[in-house]
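Subject: Structure handover

Hi,

Here is the structure I promised you. Please load it before reading on.

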2 protein chains.
Amino acid sequence: MLLGALEAGGTKMVMAIGDEKGKIFEQVSIPTNTPSETIPKITSYFKEKHIDALGVGCFGPIDLDRKSKTYGYITSTPKLAWSDYNIVGSLKSALSVPIGFDTDVNASVLGEAIWGSIKDLSSGVYITIGTGIGVGVYLNGSLLHGMLHPEAGHIFMNRHPEDTFKGVCPYHPNCLEGLASGPSIEKRYHTKAYKLQSNEKVWEIEAYYIAQGIVNLILTFSPHKIVLGGGVMKQKQLYPLIRDQVLKLLNGYIKTPQLNDIDNYIVSATLDDKQGILGCLELARLEYYSANCSSF
Amino acid sequence: MLLGALEAGGTKMVMAIGDEKGKIFEQVSIPTNTPSETIPKITSYFKEKHIDALGVGCFGPIDLDRKSKTYGYITSTPKLAWSDYNIVGSLKSALSVPIGFDTDVNASVLGEAIWGSIKDLSSGVYITIGTGIGVGVYLNGSLLHGMLHPEAGHIFMNRHPEDTFKGVCPYHPNCLEGLASGPSIEKRYHTKAYKLQSNEKVWEIEAYYIAQGIVNLILTFSPHKIVLGGGVMKQKQLYPLIRDQVLKLLNGYIKTPQLNDIDNYIVSATLDDKQGILGCLELARLEYYSANCSSF
Ligand SMILES: Nc1ncnc2c1ncn2[C@@H]1O[C@H](COP(=O)(O)OP(=O)(O)O)[C@@H](O)[C@H]1O
Ligand SMILES: Nc1ncnc2c1ncn2[C@@H]1O[C@H](COP(=O)(O)OP(=O)(O)O)[C@@H](O)[C@H]1O
Ligand SMILES: [Zn+2]
Ligand SMILES: [Zn+2]
């Protein structure tokens with residue numbers, strides 16, 4: 001089976017060809033411009049390869065409700081050219097193959113669930129901390145959608161007592177993304193985040209917010225594993241700070257074997273930054289089978 | 001089919017006999033004392049009725065992992081006589097019928113999902129605001145457990161600017177339960193909560209915290225319905241205050257048809273305070289079938 005994978009991001013589109021075992025044969029990437037410019041490049045790439053199905057992990061918010069009239073649309077994104085854009089429809093009319101569709105972070109958590117550190121577990125969350133903060137959720141063997149899809153990057157925070165920065169989220173004065181995304185670090189300190197590596201206070205505050213977010217995810221989803229990715233998490237000194245702070249904030253309220261072994265509970269993405277594109281392959285595989293089933 | 005239902009609470013045990021259609025034939029309640037005093041009363045009640053299966057919705061934390069050595073135990077509860085108590089084991093050895101077991105709030109959300117306001121929806125959460133704050137979660141047609149089970153009553157809050165009360169949770173200075181449970185209201189104002197009905201500031205602050213909790217649940221679970229119950233929610237003036245505050249805090253970030261019709265999205269429990277015991281009947285029914293399946 002030849003499967004296509006598309007990681008549709010706000011700055012770049014990553015495309016790959018692979019198979020149902022998670023083998024990637026080739027991968028390319030192009031910048032994200034307007035749909036009329038970018039979509040034809042994507043479709044001509046995949047057309048040449050004669051794929052059997054395509055999986056798309058997409059920036060959001062997106063409509064995942066198959067009963068909705070706008071299923072497969074990117075909805076109210078601030079990237080205006082893509083707002084209310086029928087991405088699944090456009091790809092489908094050009095490619096005529098089954099198309100699996102989900103959020104970028106759900107694709108990542110799915111990649112980790114099938115081939116990475118959530119393998120053999122029935123639940124897990126993936127948190128990306130980069131330009132934005134997004135959370136993908138895998139529960140009881142499937143991806144969580146619900147009314148819309150998780151937007152847990154925007155859960156509310158208690159401020160670090162020394163932090164007076166106003167945040168970068170235009171919607172919320174105290175949300176996780178507003179206070180802990182890459183751009184929030186860079187705006188707070190007027191410096192590129194990677195240049196702040198030796199400034200301990202930066203990572204203490206950053207870990208404080210990420211840990212609060214994780215605690216709230218433990219108290220809600222109660223996942224079997226928490227996987228962290230995204231540009232900010234390249235700062236490896238964050239991991240022990242986050243783990244300590246999570247235990248401090250939980251304060252013994254929740255007792256589980258997983259929390260007793262926190263180094264293996266809160267972990268870095270394991271798939272060499274391929275969790276997203278691998279998850280897209282799996283979305284393609286799932287859609288291929290569900291399309292063939294429903295034709296019986 | 002004759003089913004037994006047990007709502008095991010910290011102050012009382014509610015027992016009922018009913019059927020798989022949600023018809024309750026009789027219901028009684030006894031105070032919760034020690035296990036050695038209370039459990040024999042429960043087992044002798046159900047023994048006489050010759051039930052086919054029992055469903056138990058239990059106060060927590062409890063062990064729901066069927067692979068665990070302490071499956072069916074109440075674990076680290078502050079009610080010390082019940083701490084590390086094998087409630088399912090005790091009931092099973094006396095009754096010899098299949099026993100379904102879940103949290104009290106998961107039983108409530110299940111009751112609402114089968115017979116109440118979550119009927120016909122694929123997801124919903126039930127929040128009880130009483131002596132404690134608990135959250136039951138129904139997703140993709142089943143109850144959420146995960147590593148432990150949701151403990152979303154303890155998610156962290158931003159303080160209301162006028163609230164200097166230190167909270168009642170022994171674990172967390174700023175959690176929802178600590179700042180918004182019935183006892184927190186009563187300790188903050190040194191008065192029974194129902195006597196504060198005409199004090200608008202009380203309910204403004206209360207709604208502020210409940211709304212923050214709900215916003216975080218929307219951002220994580222993205223449920224199709226939010227059902228509120230428990231003693232504090234008898235203050236009906238809270239509903240419009242909560243709904244307004246939820247929309248204010250979300251600040252337009254999430255757009256869904258459900259949020260556009262918020263009076264039907266955030267609702268009061270509909271089953272006349274029977275959602276819990278009805279959910280226990282359904283737990284019994286599910287366990288009866290799964291026990292009979294596994295004997296093939
Ligand atoms: N080495 C690094 N250390 C700290 N922060 C980084 C590093 N590399 C990238 N970032 C931050 O991560 C953000 C980019 O996130 P990334 O996950 O790479 O992309 P995106 O979220 O756009 O997919 C940048 O805003 C930057 O602030
Ligand atoms: N009419 C009322 N108005 C406001 N608060 C109430 C009312 N009745 C009960 N409460 C509060 O709810 C709490 C009891 O919650 P309830 O849900 O009835 O029981 P439990 O949580 O123990 O199962 C009490 O602590 C009290 O503060
Ligand atoms: Zn936000
Ligand atoms: Zn607490």
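Predicted model: local features only at pLDDT ≥ 70, side-chain atom pairs only at ≥ 80, totals over all residues.

**Zinc in chain A**

Start with ligand 3, a zinc ion. Its donors are H154(A) through ND1, C169(A) through SG, H172(A) through ND1 and C175(A) through SG. Why is the arrangement tetrahedral? Because the four donor atoms subtend angles of 103 to 118° around the zinc ion, and the tetrahedral label requires all angles to lie between 85 and 135 degrees. For reference, the ideal angle for four tetrahedral donors is 109.5 degrees. Along the sequence, the donor residues of ligand 3 are spaced H-x14-C-x2-H-x2-C. Two of these residues, C169(A) and C175(A), are both buried.

**Zinc in chain B**

Ligand 4 is also a zinc ion. H154(B) and H172(B) each coordinate through ND1, while C169(B) and C175(B) use SG. Here the distances are 2.1 to 2.4 Å. The site is tetrahedral, with angles of 103 to 118° among the four donor atoms. The chain spacing of the donors reads H-x14-C-x2-H-x2-C. C169(B) and H172(B) are both buried.

**Ligand 2**

Which residues surround ligand 2? The shell comes from chain B: G130(B), T131(B), G182(B), P183(B), E186(B), A193(B), Y194(B), G230(B), G231(B), V232(B), K234(B) and Q235(B). By class, the shell divides into four nonpolar, six polar and two charged residues.

- T131(B): a side-chain N or O atom is 2.6 Å from an oxygen atom of ligand 2.
- E186(B): a polar side-chain atom lies 2.8 Å from an oxygen atom of ligand 2.
- G231(B): a backbone N or O atom lies 2.9 Å from an oxygen atom of ligand 2.

On its own, ligand 2 exposes 570 Å², and the protein buries 65% of that.

**A loop residue in chain B**

F59(B) sits in the loop between β4 (53–58) and β5 (73–74) of chain B. Is F59(B) buried or exposed? F59(B) counts as buried because its relative accessible area is 8%, and the cut-off for buried is under 20%. I87(B) is 28 residues away from F59(B) along the chain, and the two C-alpha atoms are separated by 11 Å.

Best wishes

Methods
Residues numbered from 1 in each chain as written. Chains lettered and ligands numbered in written order. Heavy atoms only, no water. Donors = N, O, S within 2.8 Å, 3.2 Å for Na, K, Ca; no water. Tetrahedral: all angles 85-135°; square planar, octahedral: opposite > 155°, others 65-115°. Buried < 20%, exposed > 50% of the residue type's maximum accessible area, 1.4 Å probe, protein only. Near = heavy atom within 4 Å. Polar contact = N/O pair within 3.5 Å; in protein donor to acceptor, adjacent residues only side chain to side chain. Areas by Shrake-Rupley, 256 points an atom, 1.4 Å probe, with all protein chains shown as cover. Nonpolar A, V, L, I, M, F, W, Y, C, P; charged D, E, K, R; others polar. Helix = DSSP H or I, 4+ residues; strand = E, 2+ residues; numbered from the N terminus.
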